[in-house]
Amino acid sequence: MSTWVVITAAGSGTRLGANAPKALVEVSGRTLLGLALERTLDLADLSGVVVTCPAGSEDMFANVVDKELPRMGVPRQVGLHFVAGGASRQASVKAGLDKVVSEGGEPADVVLIHDAARALAPTDLMDRLVEAVVEGALAVIPGLAVTDTIKQVAVDEHGVETVVATPDRRFLRVAQTPQAFLLGPLWDAHAAAADRGSTEETAATDDASLFEGVAVIPGSPLAFKVTTPEDLTNLTTALAQVSDPA
Ligand code: C5P
């Protein structure tokens, strides 16, 4: 059984205030995509990696990664493929999965779907996810317990919010990536839900939403998603710590 990884990197940098695609934003001279890729390329039994890029930026992304590879400290032992993403993250993942299948991915292979924006998700988390699929799960995600009380709200036509529910936080988890699947069932789920992916409003925001019976394993604080400028500051601090734990 071999492993494929799709790294979603087709998002804009708008909420970060960046005028480059978010995945190419740099911290300490390293791009978010390069950091995510470095941890991915360290995986055992890797068959290939597909990166989804903003349409038309595929060659530019490939060039940026080529330049950064010597700084990754991992050999490029597998094919790296750059494909155009879609109108939503869900559509981008579908494009990535199509490429995996066209490169020889088999239904019984393991596929990890990972956000470049979760640049420091560690390889050992990826190993644990792959292992869970090898042991028989169809779909496995990393989840972190919630410490805040979460409210569900209704929003009226003036934007005024009212609390409508307070879910029991003992049973809430923050869903992270990578998320791990058997390639065949994931491809089928994406094919069946492809219509939803055509707009951000209707699209699934993660791949596990397209599945029933998803297993959850403990996530990693390092797998946080970079969305805002504050997240980027936190990433800089966390990167310094993982690079020099002393
Ligand atoms: O926008 P958000 O931060 O939720 O995006 C999560 C991940 O999905 C990011 O890595 C982003 O680059 C990717 N994405 C994508 N295609 C889109 C939108 C987002 O690959 N159309």
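Buried residues account for 48% of the 246 residues in the protein chain. Keep in mind as you look around that this is a predicted model. The chain carries six helices and 12 strands, and its largest pocket has a volume of about 830 Å³. Here is a short tour, from the whole chain down to single residues.

**The chain as a whole**

- A compact globule of 246 residues would have a radius of gyration near 18 Å, and the value for this protein chain, 18 Å, agrees with that.
- Taken along the principal axes, the box filled by the C-alpha atoms is roughly 50 × 40 × 40 Å.
- Look at contacts between residues at least 6 apart in sequence, and you will find that 76% of them join residues at least 24 apart.
- The accessible surface comes to about 11800 Å², and carbon and sulfur atoms hold 52% of that surface.

**The largest pocket**

- This pocket, with its volume of about 830 Å³, is lined by 36 residues, of which R15, K22, R89, D115 and K225 are the closest to its centre.
- Two elements give two or more residues to the lining: α3 (89-102) and β10 (173-175).
- Helix α3 provides the largest share of the lining, with three residues.
- By residue type, the lining divides into 14 nonpolar, 14 polar and eight charged residues.

- You can find D115 in strand β6, which covers residues 110-115.
- Is D115 buried or exposed? With a relative accessible area of 9%, D115 falls under the 20% cut-off, so D115 is buried.
- Which residues does D115 touch, leaving aside its neighbours within four places in sequence? The contacts are I7, T8, R89, T177 and K225.
- Two of these contacts, R89 and K225, are listed along with D115 among the residues closest to the centre of the largest pocket.

- Helix α1 spans residues 32-41 and is mostly covered, as 10 of its 10 residues are buried.
- The buried residues of α1 include the leucines L32, L33, L35, L37 and L41, and E38, R39 and T40 are on the list too.
- In helix α5 (residues 183-192), the buried residues are L183, G184, L186, A189 and H190.
- What do the buried residues of α5 pack against? Their partners are α3, β6 and β11 (179-182).
- Two of those partners have already come up: α3 in the pocket lining, and β6 as the strand that holds D115.

**Two residues with more open surroundings**

- S12 sits in the loop that runs between β1 (3-8) and β2 (26-27).
- The relative accessible area of S12 is 49%, which makes S12 partly exposed, since that class lies between 20% and 50%.
- P245 and A84 are 161 residues apart along the chain, and their C-alpha atoms are separated by 37 Å.

Definitions and conventions: Residues numbered from 1 in each chain as written. Predicted model: local features only at pLDDT ≥ 70, side-chain atom pairs only at ≥ 80, totals over all residues. Heavy atoms only, no water. 1 Å grid on protein atoms, 1.4 Å probe; cavity = no way out; pocket = protein on both sides within 12 Å on 5 of 7 lines; lining within 4 Å. Points joined across faces, edges and corners; volume = space filled by probe spheres on them. Helix = DSSP H or I, 4+ residues; strand = E, 2+ residues; numbered from the N terminus. Nonpolar A, V, L, I, M, F, W, Y, C, P; charged D, E, K, R; others polar. Rg over C-alpha atoms; globule rule 2.2 N^0.38 Å. Buried < 20%, exposed > 50% of the residue type's maximum accessible area, 1.4 Å probe, protein only. Contact = heavy atoms within 4.5 Å. Areas by Shrake-Rupley, 256 points an atom, 1.4 Å probe, with all protein chains shown as cover.
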